[in-house]
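I went through the model entry by entry and wrote down what I looked up.

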Amino acid sequence: MIPTVLAAQADKVSLTAQTRIIAAALAILFMLLILDLIRRDRLQERYSVIWFVAGLAMLAGAAFPGLLGLVADLMGVRDTNVALFSIVLLLLLGLALNFSVIMSRQAAQITRLAQERAMERAHEQAARDDLERRLNGTTRAEDTATGPNPDA
Amino acid sequence: MRTLVFIPAWNEAASLEAVIADVRTHIEGADILVVDDGSTDSTAERARAAGVLVASMPFNQGLGAALQTGYLWALREGYDFCAHLDADGQHPASEVARVLAEVQADRADLVIGSRYAKQTEPLPGVAPQGEDYKATLTRRIGINVFRLLLTLATRQRFTDTTSSMRAANRRVMKLFSENYSPDFAEIESLQLAVREGLRVKEVPVRMLERTGGSSFLTPVRSAFFIFKGLVVILVGQFKPRHAGAER
């Protein structure tokens, strides 16, 4: 039998070796996933930094469980679980807000693109109408006077 | 002096031709642009067939974006004045002409055609066909809330905050082509124009009952709409002023 020490039973943060290995493996897998997404052009580098930082933090937490206790002390929180959840929650909230900001900017850009395209279409239509009118004009002029003037 | 009348249209193939003809009859010498907001029906084709220029958005972007396209076009093509009206036939062009006349006479920079402002006298020789505009209860509540809010925010009395029958000069074109909220265009644009020191004026107009389709306002949507309006106006009060709208 392997003696299992549960985190809740100890004063200090003490994760079992099992938990730490799983956490570290997950963190590494997570960072590999981010790398792969960048490699396949599914994620832009500038949006990947924050996820790398998150992955590294996960890895650090797995490697040095004492860190979390330190952070909890700094926050003045007795229960390290509360500290962990608060940090993760705030981080996710910040990320979600960040995405809303990015989304808003891109929505504005998309709107402006659509508007520019719409106006280009109107210009195209105007040019086509103009050309048609001039072609009709020159064909009529041909009957009476000189040939078509390419510069007209 | 060149004038542009633009008509934002989203799937309005049924009514658009009549509106274009109406504008041609009552607003002489004005160029017409239809801003097709990603219609899936034959709106754009019919407008082109009617002989007007069509700015077709590649996809639907909402009324605010469509209106801004009109202001952008007017600004870039060097028009001195512009006006816009709905494509569904609620806005008689004869009334738009009166709204336009106010900016052309330089009595204001931005003029709103108001359904609710006190009517002066019936116009000679102008008798639009159809029922006069009457608001439903939910709509009346919303109207009054926005009226109050906008009046408080701008310290200027507005009766018809959501009217999209408007006329403007180049100062307004400059402002709106850069700043025009896509979400709450009608109300925020009024607030913005007043904040930037532009002369905004209302003119009483007649509008007609909509001929087809139904209003999108259910009570829940109205409540959400009002809430959104509250936020928009409140935030708008704290937006930085632009130096762009010089007098």
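With which residue does B:Asp109 form a salt bridge, and how far apart are the closest N and O atoms? I found B:Arg171 as the partner, at 2.4 Å. I count a salt bridge when a side-chain nitrogen of Lys or Arg is within 4 Å of a carboxyl oxygen of Asp or Glu.

**Conventions.** I am working on a predicted model, in which local features need pLDDT of at least 70, side-chain atom pairs count only at pLDDT 80 or more, and totals for chains, interfaces and linings use all residues. Residues are numbered from 1 along each chain as its sequence is written, chains are lettered from A and ligands numbered from 1 in the order in which they are written, and side-chain values use heavy atoms, with hydrogens and water left out.

**Entry 1: the B:Asp109 pair.** I placed B:Asp109 in the loop between α4 and β5 (110–114) of chain B and B:Arg171 in helix α6 (residues 170–178) of chain B. The two are 62 residues apart, and the pair links distant parts of the chain. Helices here are DSSP runs of H or I with at least four residues, strands are runs of E with at least two, and both are numbered from the N terminus. B:Asp109 is buried at a relative accessible area of 0%, whereas B:Arg171 is partly exposed at 25%. My cut-offs are under 20% relative accessible area for buried, over 50% for exposed and partly exposed in between, with a 1.4 Å probe and protein chains only. I also noted a network of salt bridges that links B:Asp106, B:Asp109, B:Arg171 and B:Arg199.

**Entry 2: other salt bridges.** Searching the whole structure, I get 15 salt bridges over all chains. One of them joins B:Arg46 and B:Glu17, with the closest N and O atoms 3.4 Å apart. B:Arg46 sits in helix α2 (residues 43–49) of chain B and B:Glu17 in helix α1 (residues 13–26) of chain B, 29 residues apart. Both ends are partly exposed: B:Arg46 has a relative accessible area of 34%, and B:Glu17 has 37%.

I then looked at B:Glu95 and B:Arg98, whose closest N and O atoms are 3.5 Å apart in a salt bridge. Both lie in helix α4 (residues 93–104) of chain B, three residues apart, about one turn of the helix. An α-helix has 3.6 residues a turn, so residues three or four places apart point the same way. B:Glu95 is buried at 1% relative accessibility, while B:Arg98 is partly exposed at 23%.

**Entry 3: chain B overall.** I count eight helices and seven strands in chain B. Of its 247 residues, 53% are buried. Among contacts in chain B with a separation of 6 or more, 78% are between residues 24 or more positions apart; a contact means heavy atoms within 4.5 Å.

**Entry 4: helix α3 of chain B.** How many of the 14 residues of α3(B) are buried? I get 12, so the helix is largely enclosed by the rest of the structure. The buried ones include B:Leu67, B:Tyr71 and B:Trp73. The expected span is 1.5 Å times one less than the number of residues. Just after α3(B), B:Gly78 takes a positive phi of about 75°.

**Entry 5: chain A against chain B.** I find 15 residues from chain A and 20 residues from chain B in the contact. The buried area is about 1,500 Å², and carbon and sulfur atoms give 58% of it. A:Gln115, A:Met119 and A:Gln125 supply 34% of the area that chain A buries against chain B, more than any other three residues. Buried area is the accessible area (1.4 Å probe) that two parts lose on being put together, summed over both.

**Entry 6: helix α2 of chain A.** Helix α2 (residues 45–63) of chain A has 19 residues and reaches 26 Å from its first C-alpha to its last, close to the expected 27 Å. Its buried residues are A:Ser48, A:Ala54, A:Gly55 and A:Ala62, and they pack against α1 of chain A.
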